[in-house]
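Biologist: Can you walk me through this model? I have some quick questions.

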Amino acid sequence: LCVPSTFINIHFQYIFFRQVDVIEGCRLPVLRKNQENEDEWPLAEILSVKEIPGRKLYYVHYIDFNKRLDEWVTPERLDMKKLQFPKKEAKTPTKNGLPGSRPSSPEREVPQAQQKCLPTKTSIPDFQVLQQQVQPPTITVHLCFDFLSPLFKSSQNGTARRPMPNQPGRKRKQPPNCGGTDEDSQDSSDGIPSAPRMTGSLVSDRSHDDIVTRMKNIDCIELGRHRLKPWYFSPYPQELTTLPILYLCEFCLKYLKSLKCLQRHLTKCNLRHPPGNEIYRKGTISFFEIDGRKNKTYSQNLCLLAKCFLDHKTLYYDTDPFLFYVMTEYDSKGFHIVGYFSKEKESTEDYNVACILTLPPYQRRGYGKLLIEFSYELSKVEGKTGTPEKPLSDLGLLSYRSYWSQTILEILMDLKPDNGERPQITINEISEITSVKKEDVISTLQYLNLINYYKGQYILTLSEDIVEGHERAMQKRHLPIDPKCLHFTPKDWSKRGKW
């Protein structure tokens, strides 16, 4: 009996694919839709496998994509022809040194943390602001950063966070990279001053990586009139993670297991706004200041909700050392939470934000910049300069970069010539006016490529493209903070025994 060779190959291939078991740690291309709704096949890692009646489902993480895109997929979306099995290595050790039972997955190369020095006290040079004319001869001179003096290098290296010993009873949010290197900072070993990475954080830390926290555990959250799809793991009680929908009271943020329980709770809940003091109101926007010690339950529930959308922070239940500033939108039914940021009552490193989040239904509407601007308004009242705690998420980095750029450009464009000479301004003056830390001012000027060296002096050159882009961005910004509507008195927490 003669059988065509093509038939034999197809038959053997079919038998091979039927017998292959896709296990945790395998990598292979997976079909997904991109932002243009087009099919693409990025490489993905299998994190978990589960069986439901009739078929298997695979939980995948797309390599070099943010973890919020992780999802359960069906076997039809897997490209079995390019299946990569995990490397045969020793079992993964756990924190206590005992071997783990999960197959090891292909490891990515992680650069060793660079040791950075503390900032040195040096003088800041004066900058001259030069408005670009039609064809000024200085615009094309020295566009690279090679001319920067050691001043900038030492100042930028000073942004590294010093390792602080853990204090009992303190809530610390640890950056993913151990060794003191910020995740959103560039490698400064090439002589370029370190600055937050332009691409944001794509890969989460593997030091606390385990099969539980790498996977989303909540399918859907109902908060008021919105249903939210969580992006990341959040340590809600185990018995609630199997529910199709987790219900939250939008005023006290208590979590409940069913709609009936929520309706019964609403008949007893007297809150129609976050607990704490309302310190700002303009139009329908309000801000409430909440003490993590006085309102512990609300603060913990807020952290649980925020952890569903923040992957770069570690959640602790000790909220005493923190203040929470919740932004709300008012209507006839009450004050609905839009977003929040938290800050330490006492920060040894001038952090004015620990965590910051705009809930997904309110994103891309200007509320993120409003939260950032409000945090700096509080710093102005306190008479301090501030910076957000590192590392920033990819979306947080974009928001901060945009806010810093718009704020600094607004100051530079408002400068007037003095006695016919070009206006002058220093880094310290920009920092004092905006309450933005000097290191963030310098990194933003470098990011915008404004610093040039011309005839023996540093100048800031504003091109027409930058000016036009800034004007377009300011036209879209419809929600500025009005300092006259802020009623805030800073407290000296160092004089309070237990806050």
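Biologist: What should I know about the source before we start?

Modeller: This is a predicted model: local features need pLDDT of at least 70, side-chain atom pairs count only at pLDDT 80 or more, and totals for chains, interfaces and linings use all residues. Residues are numbered from 1 along each chain as its sequence is written, and side-chain values use heavy atoms, with hydrogens and water left out.

Biologist: How many helices and strands does the protein chain have?

Modeller: The protein chain has 9 helices and 21 strands. Both are DSSP runs, numbered from the N terminus: helices are H or I with at least four residues, strands are E with at least two.

Biologist: And what share of the residues counts as buried?

Modeller: Of the 499 residues, 49% count as buried. Buried means under 20% relative accessible area, exposed over 50%, and partly exposed in between (1.4 Å probe, protein chains only).

Biologist: What about contacts between residues at least 6 apart in sequence?

Modeller: Among those, 63% join residues at least 24 apart. Contact means heavy atoms within 4.5 Å.

Biologist: Switching to rings. How many aromatic pairs are there?

Modeller: There are 17 aromatic pairs. Rings of Phe, Tyr and Trp (its six-membered ring) pair if their centres lie within 6.5 Å; planes under 30 degrees apart count as stacked, over 60 as edge-to-face and the rest as tilted.

Biologist: Why is the pair of tyrosine 236 and tyrosine 255 called edge-to-face?

Modeller: The ring planes of tyrosine 236 and tyrosine 255 are at 85°, so the pair is edge-to-face. Their centres are 5.4 Å apart.

Biologist: Where do the two tyrosines lie?

Modeller: Tyrosine 236 is in the loop between strand S9 (226-228) and strand S10 (246-248), and tyrosine 255 is in strand S11 (residues 255-256). The pair therefore ties together parts that are 19 residues apart in sequence.

Biologist: Is tyrosine 236 buried or exposed?

Modeller: Tyrosine 236 counts as buried, at 5% relative accessibility. Tyrosine 255 is partly exposed, at 26%.

Biologist: What about tyrosine 330 and phenylalanine 335?

Modeller: That pair is tilted, because the planes are at 45°, with the centres 4.7 Å apart. Tyrosine 330 is partly exposed, with a relative accessible area of 43%. Phenylalanine 335 is buried, at 11%.

Biologist: Which residues form an aromatic cluster?

Modeller: Tyr280, Phe287, Tyr325, Phe341 and Phe374 form one.

Biologist: Which ring does the charged end of arginine 68 sit over?

Modeller: The ring of tryptophan 231, 5.0 Å from its centre. Likewise, arginine 401 lies over the face of tyrosine 447, at 4.7 Å from the ring centre. A charge sits over a ring if NZ of Lys or CZ of Arg is within 6 Å of the ring centre and within 35 degrees of the ring normal.

Biologist: On to helices. At what angle do H6 and H9 pack?

Modeller: Helix H6 (residues 394-414) and helix H9 (residues 464-476) pack at about 115°, with their axes 11 Å apart. Axes are lines fitted to C-alpha atoms, for helices over the stretch in contact, and angles run from 0 to 180 degrees between N-to-C directions.

Biologist: Which residues make that contact?

Modeller: H6 brings Gln406, Leu409, Glu410 and Met413. H9 brings Ile466, Val467, His470, Glu471, Ala473 and Met474.

Biologist: Now glutamate 377. Where does that residue lie?

Modeller: Glutamate 377 lies in helix H5 (residues 367-382). At 10% relative accessibility, glutamate 377 counts as buried. Not counting residues up to four places away in sequence, glutamate 377 touches Ile481, Pro483 and Leu486.

Biologist: What about asparagine 449?

Modeller: Asparagine 449 has a positive phi of about 60°, and is not a glycine. The loop between helix H8 (438-447) and strand S20 (451-454) holds asparagine 449. At 34% relative accessibility, asparagine 449 counts as partly exposed.
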